[in-house]
Amino acid sequence: MKVYFKNHLRNFDRYRRQKMYSLESLLYRLITNDSILEKQLLPKKDVKRVLIMRNNKRIGNILFLITFARQTRLAYPDAKVDLMLTMPSQGTYIEGLGLDNIFYSHFSFKGIFKWLGLIKKLNTVKYDLILAPNCCASDSITTAMIASKNKVSAYNERRVWAFPHAQHVTSSREHAAHSSLAILESLGHQLCYPLNHNLPFSEDEIEQGANLSREYKTEEDSVDMVFFRGARGVKLLSEEVWETLLLKFESGTDKKINWIEVLSPDIKEPLRDNIKTFVTSNMRVLGTFLKTFDGFICCDTGPLHLADAADVKCI
């Protein structure tokens, strides 16, 4: 029932955004703060304070920010680089990237006063550059209200009032975590290769994940596979489909497959009675746990993006 209502709320929000499409540009014109805005892009040497903007609640979209944050830090080595996320729980994904400050907007109707309070605070900073790797409505609204000399994102006709220094960019990179790097390239920055979208785990975290996984491993000639059935909306597969998938893997190898299922508040019971299960609310712990196994099977949802960022073999 909870999943049913969540899906209907998402559909309503999609409908709301479609209806407000034509009013979006007017909104940015009304709220924009151009008190210190400059017409031209600043030279790199004059950029002393940067704010990366990413107001989004989805795990995958925050994880896709890792590469952009790394490359921005390298592009402006002498500047202070700050980051805005939506909720404090998201900060755990960005730890260890060398950013100076992480702010949390609480962007929502419920958190409107915290959001407005943060905007007031950041307007005292006087940023040289605001960077939005993804030009979404929440980032555009927030950026429009914050004072900065330059405001840069990918060009979007409806949002030029929020990002007057928007760049016309295209990206041929296959991984979504790398596509926004075209914005930095358009500003004249040389990217540092190899590109890295992996979470920066500490040695202690990796050791913890290895210790947790030991009781789930079996004999050496077996294949240890983890799977997670949770998903949103049409991505959610039935138990019958999942059982068919597991049988396909079992019929495709002469080795025994040792299945481990990750449970969650939405998936409380294992698919099979004899399957070992793993539960954690700490996403970094889940990432280091998954790293130790032969593979991970999941639909297009948060844990899949987490596993990819943890350098897990994903299916």
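**Exercise 1.** Is the crossing of α9 and α11 right-handed or left-handed?

*Solution.* The model is predicted, so local features need pLDDT of at least 70 and side-chain atom pairs count only at pLDDT 80 or more, while totals for chains, interfaces and linings use all residues. Residues are numbered from 1 along each chain as its sequence is written, and side-chain values use heavy atoms, with hydrogens and water left out.

Step 1. Helices are DSSP runs (H or I, at least four residues; strands are E, at least two) numbered from the N terminus. Helix α11 covers residues 283-290, and α9 covers 203-213.

Step 2. The axes of α9 and α11 are 8 Å apart and form an angle of about 65°; axes are lines fitted to C-alpha atoms over the stretch in contact, with angles from 0 to 180 degrees between N-to-C directions. The two helices are therefore roughly perpendicular (65 to 115 degrees; under 35 is roughly parallel, over 145 roughly antiparallel, the rest oblique).

Step 3. The crossing of α9 and α11 is right-handed, meaning that the near helix is turned clockwise from the far one by less than a right angle.

**Exercise 2.** Determine which residues of α9 and α11 meet, and classify them.

*Solution.* Step 1. With contact taken as heavy atoms within 4.5 Å, Glu-205, Ile-206, Gln-208, Gly-209, Leu-212 and Ser-213 of α9 meet Arg-284, Val-285, Thr-288 and Phe-289 of α11.

Step 2. These residues divide into 4 nonpolar, 4 polar and 2 charged (nonpolar: Ala, Val, Leu, Ile, Met, Phe, Trp, Tyr, Cys and Pro; charged: Asp, Glu, Lys and Arg; polar: the others, Gly among them).

**Exercise 3.** Describe the packing of α2 and α6.

*Solution.* Step 1. The axes of α2 (residues 24-31) and α6 (residues 137-144) come within 9 Å and cross at roughly 25°. That angle makes α2 roughly parallel to α6.

Step 2. The crossing of α2 with α6 is right-handed.

Step 3. Glu-24, Leu-27, Tyr-28 and Ile-31 in α2 meet Ala-137, Ser-140, Ile-141 and Ala-144 in α6. By class, this contact has 6 nonpolar, 1 polar and 1 charged residues.

**Exercise 4.** Locate the backbone features of Pro-194 and His-106.

*Solution.* Step 1. Tyr-193 and Pro-194 are joined by a cis peptide bond, with omega about 0°. Pro-194 lies in the loop between α8 (181-186) and α9.

Step 2. His-106, although not a glycine, has a positive phi of about 55°. His-106 is found in the loop between β3 (101-104) and α5 (112-122).
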